Amino acid sequence: MTRIATTVSPLTLGTSGLGRGTVPGSPEEAEVVADAVALLRSGHAYVDTSNNYSDGRSEAVIGLALREADADAATRVITKVDVDPVTGAFDRDRVLRSFEESTARLGVDRLPLLHLHDPYAVSVSEAMAPNGAVEGLRELHDAGVVDAIGIATYPVDEMREYVATGVFDAVLSHNCFTLLDQSATPLFRAAQERGMTVFNAAPFASGILVKGATSTYTYREPSPEIIARLAQLEELCRAHGVELPAVALHFSLRSPLVDSTVVGVKTRARLAALDQLAAVEVPGEIWPELDALQQEWGA
């Protein structure tokens with residue numbers, strides 16, 4: 001078990017939308033590269049990307065930014081292996097190819113952490129079988145080109161199966177540990193008991209805890225029940241004189257179950273806004289009232 005929690009910071013910067021739609025060598029790309037340099041120089045320990053983010057452009061832009069950033073920046077980029085976008089394969093060979101594609105884009109030889117990302121194309125037993133995806137990850141770890149391996153996906157029950165194998169060093173879950181939904185709690189507890197590093201991604205529940213009821217909730221239209229809960233949260237925050245996005249972020253930051261909170265950041269302006277939210281002092285008396293609300297909801 002390689003525990004990387006000693007090197008993480010409270011915030012990890014996610015880059016799923018970085019570089020989307022940009023053309024290599026264009027002025028638009030240059031602007032995005034400048035944004036990526038700012039992320040790498042921000043003081044946050046890790047920048048999180050993936051083989052398939054923005055069809056590979058996220059990694060490509062970060063690779064360009066690494067040429068301009070500090071010398072140690074290359075040691076602070078986390079990425080993920082993904083299913084073959086053409087064939088749908090997600091086995092040992094695909095994992096090795098995905099790693100090669102990612103490191104070529106990034107211009108690095110090794111990675112501090114490599115996640116198995118959204119392995120929906122295979123079952124847990126298939127991923128764990130000989131010549132399965134996890135075998136590829138373990139080969140990379142044994143070869144010394146990956147310091148730690150993780151599992152990053154969405155269904156909590158499936159993630160608990162992966163955690164129970166004892167193979168992984170880290171877990172990343174998104175949209176399942178927020179003010180509106182704490183279904184990842186048993187997953188994070190199980191991971192913590194095994195000494196794994198826990199990343200909690202999407203603390204704003206895909207936007208609704210920042211933009212309000214006009215936004216999506218976990219990438220879908222919010223239900224009437226969620227809209228009602230949101231209204232209660234907004235009322236509670238008004239009563240304590242604090243903005244809902246700050247409470248949403250600090251809910252994750254203050255949790256003893258979470259080592260690092262992953263927030264999507266594409267621009268320098270978004271980075272500055274995130275740092276401002278992280279610096280907000282949330283009144284301590286809001287948390288017991290929030291706990292009571294969540295117990296009422298059964299969240």
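A salt bridge is taken here as a side-chain nitrogen of Lys or Arg within 4 Å of a carboxyl oxygen of Asp or Glu. In this predicted model, Arg97 and Asp84 form such a pair, with their closest N and O atoms 3.7 Å apart. The pair links distant parts of the chain, since Arg97 lies in helix H3 (residues 92-106) and Asp84 in the loop between strand E3 (77-81) and H3, 13 residues apart. Arg97 is partly exposed, with a relative accessible area of 35%, whereas Asp84, at 12%, counts as buried.

| Salt bridge | Closest N and O atoms |
|---|---|
| Arg97 and Asp84 | 3.7 Å |
| Glu139 and Arg92 | 2.6 Å |

The bridge of Glu139 with Arg92 joins helix H5 (residues 133-142) to helix H3, its partners being 47 residues apart. Glu139 is partly exposed at 31% relative accessibility, and Arg92 is partly exposed at 21%; both belong to a network of salt bridges that also takes in Asp93 and Glu135.

Elsewhere, the axes of helix H10 (residues 244-253) and helix H11 (residues 268-279) come within 9 Å and cross at roughly 70 degrees, so the two helices are roughly perpendicular to each other. Pro245, Ala246, Leu249, His250 and Leu253 of H10 make the contact with Leu274, Leu277 and Ala278 of H11, and these residues divide into 7 nonpolar, 1 polar and no charged.

How values were computed:
Residues are numbered from 1 along each chain as its sequence is written. This is a predicted model: local features need pLDDT of at least 70, side-chain atom pairs count only at pLDDT 80 or more; totals for chains, interfaces and linings use all residues. Side-chain values use heavy atoms; hydrogens and water are left out. Axes are lines fitted to C-alpha atoms, for helices over the stretch in contact, and angles run from 0 to 180 degrees between N-to-C directions. Helices (H or I, at least four residues) and strands (E, at least two) are DSSP runs, numbered from the N terminus. Angles under 35 degrees count as roughly parallel, over 145 as roughly antiparallel, 65 to 115 as roughly perpendicular and the rest as oblique. Contact means heavy atoms within 4.5 Å. Ala, Val, Leu, Ile, Met, Phe, Trp, Tyr, Cys and Pro count as nonpolar, Asp, Glu, Lys and Arg as charged, and the others, Gly among them, as polar. Buried means under 20% relative accessible area, exposed over 50%, partly exposed in between (1.4 Å probe, protein chains only).
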